[in-house]
Amino acid sequence: MNVSGSPTLEQVAALAGVSRATVSRVVNGSPKVLPETVAQVERAIGQLGYVPNRAARALVTRRTDSVAIVVPEPDSRVFSDPFFAGMLHGVSRTLAPTSSQLVLLIEPAEADDQRLLRYLRGGHVDGAIIISHHGRDNVLQELAQMPLPIVFSARPLGVDVPVASVDVDNVAGARTGVEHLLSIGRRKVGTIAGPLDMTAGIDRLTGYQDVMREAGLPEAVAYGDFTADGGEQAALRLLDEHPDLDGLFVASDLMATAALRVLSGKGRRVPADVAVVGFDDSVLATTTTPKLTTVRQPVEKLGARLAEILLAKIAGADLTAAEIYDTELIVRDSA
């Protein structure tokens, strides 16, 4: 007797005129059922309003219908930086037509890496996307070697096995931003770089240094952490050490907005005294005064592609390539 009143597998089987085992195979996506039988079962499911027991289904398929986004950052950064909102939107948009649910795991640097690894190894999710990862300890190497399908949002530092990753050409993007500053006559150009334990921090600094070296111009570098506070402190240090700067390339829009505030506080006009270029083309770029010239990266497209690759890996595809997308300079009022 069905005490709950919910339709049962047996009732679906009776209505469809097939065995219980056949209904189970259809519900679990088995390819060993004739298309016309699948159609019969699906009609019966629709008529009865049958909802499969996800826990029982997971025992059969070894799938949880859940995927994780792992962000090794403090929650204060995750919820204040538009980059993460764009990534999440791209991922969730791709997952929406599927049965997969999204699980957000925020793991700041001081967190217990082993707790994260235990969770991912514990069968709670079918795969994971690792975003904004830092090259600390051995956690990235351990993640890359897990049997769980995993995709990285950039090449993971210190990992010596092939992994699937999606990113933009950060070196070329930075070059574009710095070359633009030189093209408008700036010669004392500094940079607020990102952290050097992240691919984006390293590559965007490399792009700046390459252009300055090729132009025979001196470098002026201060390091931030891709946050507004980090950008502000870096801007203050940079201007104290190099008060004659007439151009500034900043490795993220969030840090660039802080740099604009610092410049204003010191009475430096933008772009008349100091031209500023950011990186991201986030929603912040059009809310600053003046509006921010910046290097656009297609964040939502990157998130969508990360999800596509992860779904393919979960389905059995052997994907280990690094996909690199182009950036674009968006010229506004700050440079």
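1. Some ground rules. This is a predicted model, so local features need pLDDT of at least 70 and side-chain atom pairs count only at pLDDT 80 or more, while totals for chains, interfaces and linings use all residues. Residues are numbered from 1 along each chain as its sequence is written, and side-chain values use heavy atoms, leaving out hydrogens and water.

2. Let's begin with charges. A search of the whole structure turns up 17 salt bridges (a side-chain nitrogen of Lys or Arg within 4 Å of a carboxyl oxygen of Asp or Glu). Some of them share partners, and these join Asp281, Arg296, Glu328 and Arg332 into one network.

3. Is the pair of aspartate 81 and arginine 77 buried or exposed? Their closest N and O atoms are 3.4 Å apart. Aspartate 81 has 6% relative accessibility and counts as buried, and arginine 77, at 7%, counts as buried too. (Buried means under 20% relative accessible area, exposed over 50%, and partly exposed in between, with a 1.4 Å probe and protein chains only.)

4. Now look at lysine 266 and aspartate 240, whose side chains meet in a salt bridge at 3.6 Å, N to O. Lysine 266 sits in the loop between helix H12 (253-265) and strand S9 (275-280), and aspartate 240 is in helix H11 (residues 228-241), so this pair ties together parts that are 26 residues apart in sequence. (Helices, H or I with at least four residues, and strands, E with at least two, are DSSP runs numbered from the N terminus.) Lysine 266 is partly exposed at 41%, whereas aspartate 240 is exposed at 56%.

5. Glutamate 323 and arginine 305 form a salt bridge at 2.9 Å, N to O. Glutamate 323 belongs to strand S11 (residues 322-325) and arginine 305 to helix H13 (residues 299-314), 18 residues apart. Glutamate 323 is partly exposed at 21%, and so is arginine 305 at 25%.

6. On to the sheet: which order do its strands take? It is an open sheet of 6 strands, S2-S1-S3-S4-S5-S11, with parallel pairing (two strands pair if DSSP finds at least two bridges between them). Strand S2 (101-106) and S11 are the edges, each pairing on one side only.

7. Finally, a helix on that sheet. Helix H6 (residues 82-95) packs there and touches S1, S2 and strand S3 (127-130) (contact means heavy atoms within 4.5 Å). Strands S1 (residues 66-71) and S2 pair in the parallel sense over 6 bridges, with valine 67 opposite leucine 102 in S2.

Technical notes: Axes are lines fitted to C-alpha atoms, for helices over the stretch in contact, and angles run from 0 to 180 degrees between N-to-C directions.
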